[in-house]
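Here are my notes on the model, point by point. Please read them beside the coordinates.

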Amino acid sequence: MARRPEEDLLFAAATEHLAGAALVLDEGLTIRVATPQASALLGFDVPLGASAPRVLCGDARKRPVAEALSSGKPVQALIPRPTGPSENRFLKIRTLPLQLHEKLVGWLLLLEDAGNADEGGAVFFHGMWTQDPRLKELFRIVEKVAQDDGTVLVRGETGTGKELVARALHLQSSRRDGPFRAINCAALPANLLESELFGHLKGAFTGAHKDTPGYIQLAHRGTLFLDEVAELPLELQAKLLRVLETRTVIPVGAREPIPVDVRIVSATHQALRAEVEAKRFRADLMYRLRVIPLFLPPLRERPGDIPLLCEKFIESMNPSRRRHIEHLAPGALAALERHDWPGNIRELRNALEYAYAIGDGPTLLPRDLPPEFLDEQASDSPPLVAPRAVPDESLSPEARRIAEVLERAGGNRERAAKILGLSRVTLWRKMRQLGLA
Ligand SMILES: Nc1ncnc2c1ncn2[C@@H]1O[C@H](COP(=O)(O)OP(=O)(O)OP(=O)(O)O)[C@@H](O)[C@H]1O
Ligand SMILES: [Mg+2]
């Protein structure tokens, strides 16, 4: 049924009123309606009747967003502006399926200016908010490297978003329909880790009741995320190297190699190179794993993200909480900005959780923050008691951080573990490893 042009205009006006810059696509992804705001944002008159992936993502076939649209999946992503004054401008796009009688009849595509990659302006990328130029650049690199199968090593302190980056790489890649498997190499003893990673045959060891595929096989056609890869024991490093070189896996107790097609993304909070120098990590494996190294800056190096993350976390927490926070008292924000965030984003989230639980009323006050923030405020004035112990220079950066957090938590391991976002057991294990216990 053909509509008259005036009806199209009315419809576009109504859509604009409700959705701002938006496109209505039919099920074949042809653009049927474009609001004037969408044309203004894109910087050209949106051609009705044209293909949306083509208009938004150009002719390059390997654009992940275009692919997701073409395969009929809802997407939420950041794309470079198709045209415009600066190459670095990004658009946030979000698609909502339009259904009629439970049948997909088209898509509503919402567009939003996601700011400039070089200037202020917050962007959202696969669960991560930032206004930091370095992190924005990292998101752009993730978009690019996701498309080829390069082996990525993500480095960053605890709680900086390493796992989110690994997931983003998976979701932006052509493997997105395949499995994403994550395994923490620090969490299991060597023999268990071996069988979890490589699988085992029935009877390979006591308790091996049936053939069991390992994570490498389970990640076939998808992505395997090796968290805390520096903790992989040396003998398993040799086995992993073989997998990378031969693209096959031999389960424990088996002889025949099984072909596997996996992309490996690994993460570490420490420099692998230092581990290589200490002879705890194989150099050849390091080179294999860090073909593309990505570095996530810690929160203390991107202080502009603190108010932004507070705002976004509060926005998402408010609806489900007893307390409804509307603003941060200036003193509370100052305390948050002064803090050095050893547990990074996870610690920020925990601090807000604490404020929801402890305080009342619409204003988040300094006294709603966990005790270590109050200590820090107090330490601005001349110390009444002995000054804080000078951190021992002979400790590794990680050991020093943990020692600092422990001190701040008054030696309470449970609190320290919470700040660092670690389980008590993991903290204990790390303390022992680092010679702190
Ligand atoms: N930029 C961000 N915006 C919003 N939330 C974030 C951001 N970065 C991380 N987070 C959140 O912080 C928490 C920690 O992230 P994640 O688990 O990816 O960190 P990690 O580096 O893997 O930490 P760990 O080394 O302790 O495993 C998660 O809840 C994640 O959703
Ligand atoms: Mg992690």
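1. How many helices and strands does the chain have? There are 18 helices and 16 strands. Helices (H or I, at least four residues) and strands (E, at least two) are DSSP runs, numbered from the N terminus.

2. This is a predicted model, in which local features need pLDDT of at least 70 and side-chain atom pairs count only at pLDDT 80 or more, while totals for chains, interfaces and linings use all residues. Residues are numbered from 1 along each chain as its sequence is written, and chains are lettered from A and ligands numbered from 1 in the order in which they are written.

3. The chain has 437 residues, and 34% of them are buried (20 or more other C-beta atoms within 10 Å of the residue's own, with C-beta atoms placed from the backbone). Of the contacts with a separation of 6 or more, 60% link residues 24 or more positions apart. Contact means C-beta atoms, placed from the backbone, within 7 Å.

4. Look at strand β10 (residues 223–227). Five of its five residues are buried, so β10 is largely enclosed by the rest of the structure. T223, F225 and D227 cover one side, L224 and L226 the other. In a regular strand, side chains alternate between the two faces of the sheet.

5. Which strands pair with β10? Strand β9 (residues 180–184) runs parallel to β10, joined by five bridges. Strand β13 (residues 263–268) also pairs with β10 in the parallel sense, over four bridges. Pairing requires at least two DSSP bridges. R181 has L224 as its bridge partner, and F225 stands opposite V265 in β13.

6. The largest nonpolar core has 43 residues (buried Ala, Val, Leu, Ile, Met, Phe, Trp, Tyr and Cys joined through C-beta atoms within 7 Å). V154, V165, L169, I216 and L224 have the most contacts inside it. Beyond its neighbours within four places in sequence, V154 touches K162, V165, A166, V265, A267, L294 and L296 by the contact criterion. A second, separate core has 23 residues, among them L25, A38, L42 and A52.

7. Helix α17 (residues 413–420) and helix α18 (residues 424–433) have axes that come within 9 Å and cross at roughly 100 degrees. Axes are lines fitted to C-alpha atoms over the stretch in contact, with angles from 0 to 180 degrees between N-to-C directions. That makes α17 roughly perpendicular to α18 (65 to 115 degrees). R413, E414, A416, A417 and L420 of α17 meet R424, L427 and W428 of α18.

Definitions and conventions:
A residue is buried if 20 or more other C-beta atoms lie within 10 Å of its own, exposed if 12 or fewer, and partly exposed in between; C-beta atoms are placed from the backbone. Two residues are in contact if their C-beta atoms, placed from the backbone, lie within 7 Å. Angles under 35 degrees count as roughly parallel, over 145 as roughly antiparallel, 65 to 115 as roughly perpendicular and the rest as oblique.
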